[in-house]
Amino acid sequence: DPAFSPPPAERAHGRNCEWAHLNNADIVSMPDKWEYPWYAVWDLAFHTIPLALIDPEFAKEQLVLMAREWYMHPNGALPAYEWNFGDVNPPVHAWATWRVFQIDRKRRRIEHHGDCGDLAFLERVFHKLLLNFTWWVNRKDPAGRNVFQGGFLGLDNIGVFDRSKQLPTGGEINQSDATSWMAMYSLNLMRIALELARYNHVYEDIATKFFEHFLGIAQAMTNIGEQGIGLWDEQDGFFYDVLKLPDGRMLPLKVRSLVGLIPLLAVEVLEPGLLNELPEFKQRLEWFLNYRPDLAALVSRWQEPGLGERHLLSLLRGSRMKKLLRRMLDESEFLSEFGVRSLSRYHLDNPYTFFLDSHALTVTYQPAESDSGMFGGNSNWRGPVWMPMNFLIIESLQKFHHYYGDDFKIECPT
């Protein structure tokens with residue numbers, strides 16, 4: 001502002017200094033108008049689902065907007081939120097784009113039977129998300145192992161450490177949630193590519209690419225860096241983050257939280273009719289699964305058609321899924337009267353403590369306000385029920401049922 005003194009020189013190197021291209025002067029969906037008078041890209045993605053039922057054009061505009069060149073960073077990153085654009089939110093933009101497309105198509109078909117949906121919208125966002133996916137792979141998996149370190153990922157104080165900062169131990173965290181989000185992202189982009197391929201077969205190649213990337217992530221979660229250590233703990237029947245120390249040691253961080261349930265979200269069911277429409281994609285899949293049976297074995301029942309000859313892609317085979325669901329549906333752990341908790345109630349009487357030098361870092365179950373100042377203390381993921389995450393879990397369970405039918409049953413509550 002020319003009417004005031006120039007800002008101090010250090011301001012040019014402060015927070016958000018790498019986002020000089022940003023020019024936000026649009027109507028944007030906000031979490032609320034009181035405590036959060038700013039957008040957050042994954043909150044906005046969730047907002048678009050109910051918005052699509054009321055005003056599908058506005059919902060689509062919001063998803064397109066976040067991927068426009070005056071929002072998306074030239075390197076492909078989506079702006080996380082105004083406090084720090086460079087932070088990382090879970091990559092749910094592709095999921096929201098696909099769901100809004102489906103909701104809108106259903107509405108359009110009421111007026112015009114057989115309407116193929118707003119393919120221009122789907123294709124427009126898809127192209128931009130290819131840049132974002134590449135950014136994730138290059139920035140959050142620098143070692144190329146298909147195991148990701150996304151940082152706090154919107155889950156604020158859920159872990160032992162503030163995952164958005166340098167670890168006090170040194171090293172890095174191989175994150176169950178970041179890796180699972182990327183598996184889900186791969187399947188979301190694969191499904192969008194398959195839809196576009198029905199009208200332009202060029203997209204069959206891209207769909208295959210994301211299928212193969214999904215398999216690579218599934219393998220990495222089982223065996224990080226070929227060291228025989230995975231994110232799954234067979235004895236506990238749960239997924240954990242794994243801390244890699246500077247000396248190479250791997251330590252599972254055994255906090256039972258939503259971090260370990262997010263692998264449930266990486267699931268897709270493919271109808272036989274869709275595969276028959278796309279013979280090149282189907283042929284490539286069959287070749288790949290025959291050529292790499294080690295990877296094919298990691299994918300839930302790909303070669304075993306389910307209800308209606310459908311095929312299932314999931315990080316969880318039946319046995320692991322049952323173990324994980326028994327935890328989730330246990331009222332003494334995750335299942336509450338109001339939904340799935342963000343942290344297991346087990347930690348009320350059994351806090352998890354990580355000892356660092358002479359300090360003890362503890363995670364305990366806190367179903368209301370947090371007693372931690374991490375992230376300002378007003379965003380608590382150590383117990384409360386977070387509705388959008390519950391929505392994703394329910395939707396994933398519906399997909400599993402779409403494949404298994406009524407034969408696959410788990411006691412509820414356990």
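User: How many bridges pair β10 with strand β11, and in which sense do they run, parallel or antiparallel?

Analyst: Before that, a word on the model: it's predicted, so local features need pLDDT of at least 70, side-chain atom pairs count only at pLDDT 80 or more, and totals for chains, interfaces and linings use all residues. Residues are numbered from 1 along each chain as its sequence is written, and side-chain values use heavy atoms, with hydrogens and water left out. Strands here are DSSP runs of E, at least two residues, and helices are H or I runs of at least four, numbered from the N terminus. Two strands pair if DSSP finds at least two bridges between them. In this case β10 and β11 (residues 359–363) are antiparallel, over five bridges. L356 sits opposite H359 of β11. Two residues lie between the strands of this hairpin, and D357 has a positive phi near 55°.

User: How much space lies in the second largest pocket, and which residues are closest to its centre?

Analyst: Rolling a water-sized probe over the atoms shows where empty space is left. On a 1 Å grid over the protein atoms alone, a pocket is an open set of points where a 1.4 Å probe fits, with protein on both sides within 12 Å along at least five of seven lines; lining residues have an atom within 4 Å of a point. Points join across faces, edges and corners, and volume is the space filled by probe spheres set on them. Here that's about 520 Å³. Of 18 lining residues, W98, Q102, E268, K399 and H402 are closest to the centre. α3 gives the most, seven residues.

User: Is S186 buried or exposed?

Analyst: S186, in helix α5, is buried, with a relative accessible area of 0%.

Note on methods: Buried means under 20% relative accessible area, exposed over 50%, partly exposed in between (1.4 Å probe, protein chains only).
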